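Please keep the structure in view while reading.

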Amino acid sequence: MAVVDASRFLADLYHLRGFGRVGTGVIRPAYSAPDIEARDWLAGRMAEAGLVPQFDAMGNLFGLAEGPSLLLGSHSDTQPTGGWLDGALGVIAALEVARASRESGGPAISVVSFQDEEGRFGGTTGSAVWSGALALADADAVADTDGVILGEARKVLGSRIGPDVNPRQFTGFIELHIEQGPALDAAGEQIGVVSDIVGYREMMVTLTGQQNHAGTTPMALRRDAFQGLSRFAVRLEDRMRNVVTPQSVWTIGHVAVAPNAASIVPGQVRFSMQWRDGDKDRLARMRCVIEAVLADVAGEMELGLEIGPLMVLEPVAMDRALRKRLEAAAEAVAPGRWRLMPSGALHDATNVARLMPVAMLFVPSIGGISHAFEEDTAEADLVAGLRVLARAAGVT
């Protein structure tokens, strides 16, 4: 059996951190110059490892082994101000496992770094297109927060684009990721084997009132769109109590106030409304509560209400056979220091599950911090995750 090289793995992981590094964090959003530079470097490392690097139209980068193979990987793009391990860990660990296996004549392992997992153009976009969950033409029409459409952004790929990668050549997919939550770190555990990935719903909401002078418009006569958002947010928390569990979450994330001026009563506010849960029926009930509260607030405050299209990702259970391989590997590498747990974050594995069996494992996030420059994981835990991944893939 092959032996993974922890030093080589860490060296590659730290090298990838250099593309877009800012202090302890990384700014490497999809299709940015640091993202493309990182992908070109990854393609070179894949080739050096004996894999065939191949970009598809979205910029998903595959390192292909010959014949049927297990696919390992994650993504290498980051949040606008992101951490250095989110996604990158899974890509570099996959590369090391594939390299070690090839060096010793072990099983065929292919590698992938999916594009735009972090949502510059919607979230898990690259794997959504590859899996058939999203048509490329539809993806191309999506704009980022600066108004750039994906179809224009991906022109930066130029001649890198090759033929589509056929998913039928892969026997399954395993994704290693940081937990992005506090459970493992708080318990002093090294490994989380994922049981399922929660479902996700998101929509854009627009409340429209009356723009007016901030100094002369009496409070009782105002139709303040931002105050409508404020009332909605407070009331929603109260109304959700009888519907949700402690694992249910909802978030008002992106907010755009118009005209966004100090001396003008806001005439319009546009915001994202996102909610997540592992139960499909509960997700539907949460939607009913959200829309009912929006309607109540809009009616009371005489605000116009517009709700955009609903983005949907269903809960996904991990493949039992692959999960059992991860559980056995976790017990071998970190006996008594691992747990079976759900993933509250979305991952590319959600989309890949449309095509093949999938499984995931986590390593701790120090302090539960992720999507921030402070994101970090102890080297010993990073290496433990690598070794569990290798064992589950038949490579040690």
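In this predicted model, the residues Arg325, Leu326, Ala329, Ala330, Ala332 and Val333 of helix H10 meet Ala384, Arg387, Val388, Arg391 and Ala392 of helix H12. Sorted by class, this contact of H10 with H12 comprises eight nonpolar residues, no polar residues and three charged residues.

**Geometry of the helix pairs**

Two packed helices are described by the angle between their axes and by the distance between those axes. For H10, which spans residues 320-333, and H12, the axes come within 8 Å and cross at roughly 135°. Angles over 145 degrees would count as roughly antiparallel, and those from 65 to 115 degrees as roughly perpendicular. H10 and H12 are therefore oblique to each other. The crossing of H10 with H12 is right-handed.

Helix H12 also packs against helix H3. H3 covers residues 88-103 and H12 covers residues 379-392; their axes lie 10 Å apart, at an angle of about 50°. This angle makes H3 oblique to H12. The crossing of H3 and H12 is right-handed. On the H3 side, the contact is formed by Leu89, Ala93, Ala94, Glu96 and Val97, and on the H12 side by Leu382, Leu386, Leu389 and Ala390. The residues of this contact of H3 with H12 comprise eight nonpolar, no polar and one charged.

**Backbone details in loops**

Which value does phi take in aspartate 116? It is near 55°, a positive value in a residue other than glycine. Glutamine 180 likewise is not a glycine, and its phi is positive, at about 70°.

| Residue | Phi | Loop between |
|---|---|---|
| Glutamine 180 | about 70° | strand S7 (170-178) and helix H7 (183-187) |

Are these residues buried or exposed? A residue counts as buried when its relative accessible area is under 20%. Aspartate 116 has a relative accessibility of 0% and therefore counts as buried. Glutamine 180 has a relative accessible area of 18%, so glutamine 180 is buried.

A further backbone feature concerns a peptide bond. The bond from alanine 258 to proline 259 is cis, with omega near 5°. Proline 259 is placed in the loop between strand S11 (249-258) and strand S12 (264-265).

Methods
Residues are numbered from 1 along each chain as its sequence is written. This is a predicted model: local features need pLDDT of at least 70, side-chain atom pairs count only at pLDDT 80 or more; totals for chains, interfaces and linings use all residues. Side-chain values use heavy atoms; hydrogens and water are left out. Axes are lines fitted to C-alpha atoms, for helices over the stretch in contact, and angles run from 0 to 180 degrees between N-to-C directions. Helices (H or I, at least four residues) and strands (E, at least two) are DSSP runs, numbered from the N terminus. Angles under 35 degrees count as roughly parallel, over 145 as roughly antiparallel, 65 to 115 as roughly perpendicular and the rest as oblique. A crossing is left-handed if the near helix is turned anticlockwise from the far one by less than a right angle, and right-handed if clockwise. Contact means heavy atoms within 4.5 Å. Ala, Val, Leu, Ile, Met, Phe, Trp, Tyr, Cys and Pro count as nonpolar, Asp, Glu, Lys and Arg as charged, and the others, Gly among them, as polar. Buried means under 20% relative accessible area, exposed over 50%, partly exposed in between (1.4 Å probe, protein chains only).
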